[in-house]
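My notes follow in the order I looked things up.

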Amino acid sequence: MEELAGEVKRRISIVESYSRNYAEYLHRGDYAKASEALWGILNNLASILSLLHGGRPISRHDELRSFVNDLAAALKSEEVVKWFKACERLHANHNFMDKDTFEEHRAEAEKLIYTLQKLVVDKLRELGISP
């Protein structure tokens, strides 16, 4: 359990770093970098959830997609898949996106990130692990 808690705390620290960078890039209007930071937040939150449920960290895009699809099925939420697709569009097209398109996808991506954050906090509490 100590090893798990250590890895979770390490990844939470990474999420916090990406989150600070994301806020800074948004402030500067650097949508390409903001998109990259969002993807990092998403990947690490999903990895934390995977670890907390006895899985392993997520290292590839197809693993992340599969994890999110499984999560959406478990939550009975098609919205989760929709939000993930917005994240994928940001990730794939971050260098070619205008501000309005970025903002549209960003709003969806942030919904997924908020949902994952809540799930992480709930699971940490259930397991008695403090972040």
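**Entry 1: the core**

I looked for the largest nonpolar core and found 38 residues in it, with Leu42, Leu64 and Leu112 having the most contacts inside it. Such a core is a set of buried Ala, Val, Leu, Ile, Met, Phe, Trp, Tyr and Cys residues joined through side-chain atoms within 4.5 Å. Buried means under 20% relative accessible area, exposed over 50% and partly exposed in between (1.4 Å probe, protein chains only). Helices α1 (2-28), α2, α3, α4 and α5 each supply at least two residues of this core. The largest share, twelve residues, comes from α2. Helices here are DSSP runs (H or I, at least four residues), numbered from the N terminus.

I noted how the model was handled. It is predicted, so local features need pLDDT of at least 70 and side-chain atom pairs pLDDT 80 or more, while totals for chains, interfaces and linings use all residues. Residues are numbered from 1 along each chain as its sequence is written, and side-chain values use heavy atoms, leaving out hydrogens and water.

**Entry 2: helix α2**

I checked how enclosed α2 is. Of its 22 residues, 20 are buried, so α2 is largely enclosed by the rest of the structure. I then checked its length. At 1.5 Å a residue (times one less than the number of residues), α2 should span 32 Å, and its end C-alpha atoms are 31 Å apart, which agrees. Ala32 lies in α2. Ala32 is buried, at 16% relative accessible area. The C-alpha atoms of Ala32 and Leu90 are 8.3 Å apart, though 58 residues separate them along the chain. After α2 comes Gly54, with a positive phi near 90°.

**Entry 3: α2 against α3**

I looked at how α2 (residues 31-52) and α3 (residues 61-75) pack. Their angle is about 60° and their axes are 11 Å apart. Axes are lines fitted to C-alpha atoms over the stretch in contact, and angles run from 0 to 180 degrees between N-to-C directions. Which residues of α3 meet α2? His61, Leu64 and Phe67 do, facing Trp39, Leu42, Asn43, Ala46, Leu49 and Ser50 in α2. Contact means heavy atoms within 4.5 Å.

**Entry 4: α3 and Leu64**

In α3 I found Glu63, Leu64, Phe67, Val68, Leu71 and Ala72 buried. The buried residues of α3 pack against α2, α4 (78-93) and α5 (99-127). Leaving aside neighbours within four places in sequence, Leu64 touches Trp39, Leu42, Asn43, Ala46, Ile58 and Phe84. Just after α3, Lys76 has a positive phi of about 55°.
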